Amino acid sequence: MYNPVKITQDPSQPFTDYSRWRLLVNDGGRHTWHYLKTDEECQAWPQNSVDKFWLGMDLELPDLPSPKTPLEAARNGYTFYKHLQSHDGHWAGEYGGPMFLLPGFVIGSYVSGMSFTEQERLEMIRYVMNRAHPDDGGWGIHVEGISTVFGTGLNYTALRVLGVDAEHPVMIKARATLHKLGGACAIPAWGKFWLSLLNVYEWEGNNPVPPELWLLPDWLPFHPHRWWIHTRTVYVPMSYLYGIKFKMEENDLILALRQACPILFDALNVVLTNYEHCTIPPLRNAGVERAYELIVLEDENTGYQTLGPVSKMFNLIARAHREGPESEAYKQHEIKRHDFMWIGKDGMMACGTNGSQLWDVGFITQALVETGLAYEEENKESLLKALEWLDEAQIRQDPKHYHTSYRHTTKGAWGFSTKEQGYTVSDCTGEGLKAAMYLQNHLDFTPKLISKQRMCDAIDVMLTLQNPNGGFASYEPIRGPKWLEWLNPAEVFGDIMTEYCYPECTTSVITSLSIFRKHYPEYRKADIDKTIRHAIKYLHEAQYPHGGWLGSWGICFTYATQFALESLSLVGETYETSERSRRACEFLIGKQREDGGWGESYLSCERMEWVEHAESQSVQTCWAVMSLMYANYPHPEPIERGVKLVMSRQRPDGSWPQEAIEGVFNKTCAIAYPNFKFSFPIWMLGKADKYLADLKSRSKERLTKQH
């Protein structure tokens, strides 16, 4: 199942026949990759443009007419991007970047007795090899990061489990770097946990993860149900596995891996560590049972997708341990495991969720309506398919296990990926509702698939999510106090113990509420007006003295400032009327480069201050230019320069090349949104065409009046 493999090829070239990979899109946006073994299968299921693009193959599309205007460039961009729309109406794509996810998939599958196909295994090996740091051979927490003991230790282990020999040159170089970084014993807590499951590290060396915490009264401020949802859903299976001290059975590979990790004791949490010496068996057993109950509830609430890939693999191990490989739970986890596996030109990765389907549909549909491209005959079918997908993607009921699994309401929400995954996300609900209103209320050729009542359901969900300070968090209102961050067990991530308010999430809600009340002014008018006023107050307070807003989901000040200025514009705060808007515009103008672009490093998110990227970035340039347009910035020259840069990077077929990674989470980990390189250039260029024309027209009017 995990037999040794002899790797002699250069990982820059595929280890499998890429002409045989196919992306299956079904069941409301699920996408899974399949390798066809026979010529007959390949003929019956030919590769399409979606397959070829994500595999890095040439689509062989003709060159488009050279654009003379920004709108023509935007039109060319969508002419290309339509080729990447799946038959069900959404745009598939990778959601990779973090380098600790694939090792979790490999270790979790290995200790659960779940195999990969030979082709999957080869391309996972290739991906990890391709992502090794070119200088020291290690791995970082994400694809653009420096080598760390966390990334290097886990990816080295993953390659060994996948069958790579310890004396392969990649392994020798990585092992040397691992030792320089302190060896696997210096790995942070989550890394030690994975190694303990693999039985190459003693449980005594871990920070305790006691399941008994689930038995505490819910009203306690530190009860785990008050933690941020990603931490909470990971802690549930971790506490189960820690409570039973799960260990893979010893074998030769495990014995060999232990040589890289001498067994040391490294307990950091003194209180919980002391408790471990005097656990009460009945209490421990009760905690284990409660944790397992919550694991089952999460699996059933999400169709075995779970919230994310880390919790998914921990849940798999727990279900395999308790119910065995013949159980329905094990079989469902194996089926849904494929939803997180994505193959690209560099090999097969594990993604941060089962996709970013809603997020990508929301942005491009709004872009097409705002730019006017939606009205062009050749784009109508594409938009109808997108609306059909949005209709299917809305969550129409609360979770199967609602209060018993500490979940927030979901009826009316849109999630980040698919309806099956089933989690309310504040900004995704906002962007999903905006997209639905744009498609149904602004266009005259679309059916009313999403009823007014369902739009009201979305409003109801969003109105439950506002926090006392006026801001909106990601999945739920803030449940716990800030001091919970003192208990942060992860060591490599920041701000993970409780929810926080975000300018981006707040803006997505504000803008959708503002658009909704224009179309349906009678529904909960007082509540909506109050919510918007309170949210704008939060945005005012969240603005940095230099004028920008800190982004937490995209990089970084460029990203969040775009969202904030859109919100302010909807309540009449623009460059001419608002000191805050002017300050934000001047902040961005001060960051524009000589080539007309903007470029910000992911390090801005870590350091919470602007850090320049080595090069201007097309996507960030679009965010900056859109910020200026939202603020009604009166001077055309910075906008024209940004437009010129983005147009200069467009390829003859209408596409744009992939540049630096676009997203981030928990301050330290970058994550990819590769569809942004289409949606935001199309959006910005199409808007800029009209915006610059309007500026020119107003300038002529002023000159005429002066004469």
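**Why these labels?**

Biologist: Both Arg-319 and Asp-299 are buried. What makes a residue buried, partly exposed or exposed?

Modeller: Buried means under 20% relative accessible area, exposed means over 50%, and partly exposed lies in between (1.4 Å probe, protein chains only). This is a predicted model, where local features need pLDDT of at least 70, side-chain atom pairs count only at pLDDT 80 or more, and totals for chains, interfaces and linings use all residues. Numbering runs from 1 along each chain as its sequence is written, and side-chain values use heavy atoms, without hydrogens or water.

Biologist: What makes Arg-319 and Asp-299 a salt bridge?

Modeller: The rule asks for a side-chain nitrogen of Lys or Arg within 4 Å of a carboxyl oxygen of Asp or Glu. For Arg-319 and Asp-299, the closest N and O atoms are 2.8 Å apart, so the pair qualifies. Arg-319 lies in helix 13 and Asp-299 in helix 12, 20 residues apart; the pair links distant parts of the chain. Helices (H or I, at least four residues) and strands (E, at least two) are DSSP runs, numbered from the N terminus.

Biologist: How many salt bridges does this rule give?

Modeller: The count is 38. One of the pairs is Arg-30 with Asp-339, at 2.6 Å between the closest N and O atoms. It links distant parts of the chain: Arg-30 sits in strand 2 (residues 30-35), Asp-339 in the loop between helix 14 (328-337) and strand 3 (341-344), 309 residues apart. Arg-30 and Asp-339 are both buried. Salt bridges also link Asp-17, Arg-20 and Asp-39 in a network.

Biologist: Asp-527 and Arg-524 also meet in a salt bridge, 3.0 Å from N to O. Is Asp-527 buried or partly exposed, and how do you know?

Modeller: Asp-527 has 36% relative accessibility, so it counts as partly exposed. Arg-524 is at 32% and therefore gets the label partly exposed as well.

Biologist: Why is Thr-306 called buried?

Modeller: Its relative accessible area is 0%, which is under the 20% limit, so Thr-306 is buried. Thr-306 lies in the loop between helix 12 (281-301) and helix 13 (309-323). Its phi is near 60°, a positive value in a residue other than glycine.

Biologist: And why does Tyr-406 count as buried?

Modeller: Tyr-406 has 12% relative accessibility, so it falls under the limit. Its phi is positive too, about 60°, although Tyr-406 is not a glycine. Its loop runs between helix 16 (377-393) and helix 17 (426-441).

Biologist: Where is Trp-483?

Modeller: In the loop between helix 18 (452-463) and helix 19 (503-519).

Biologist: What makes helix 18 and helix 19 oblique to each other?

Modeller: Their angle is about 140°, with axes 11 Å apart. Angles under 35 degrees are roughly parallel, over 145 roughly antiparallel, 65 to 115 roughly perpendicular, and the rest oblique. The angle of about 140° falls in the rest, so helix 18 and helix 19 are oblique.

Terms used:
Axes fitted to C-alpha atoms, helices over the stretch in contact; angles between N-to-C directions.
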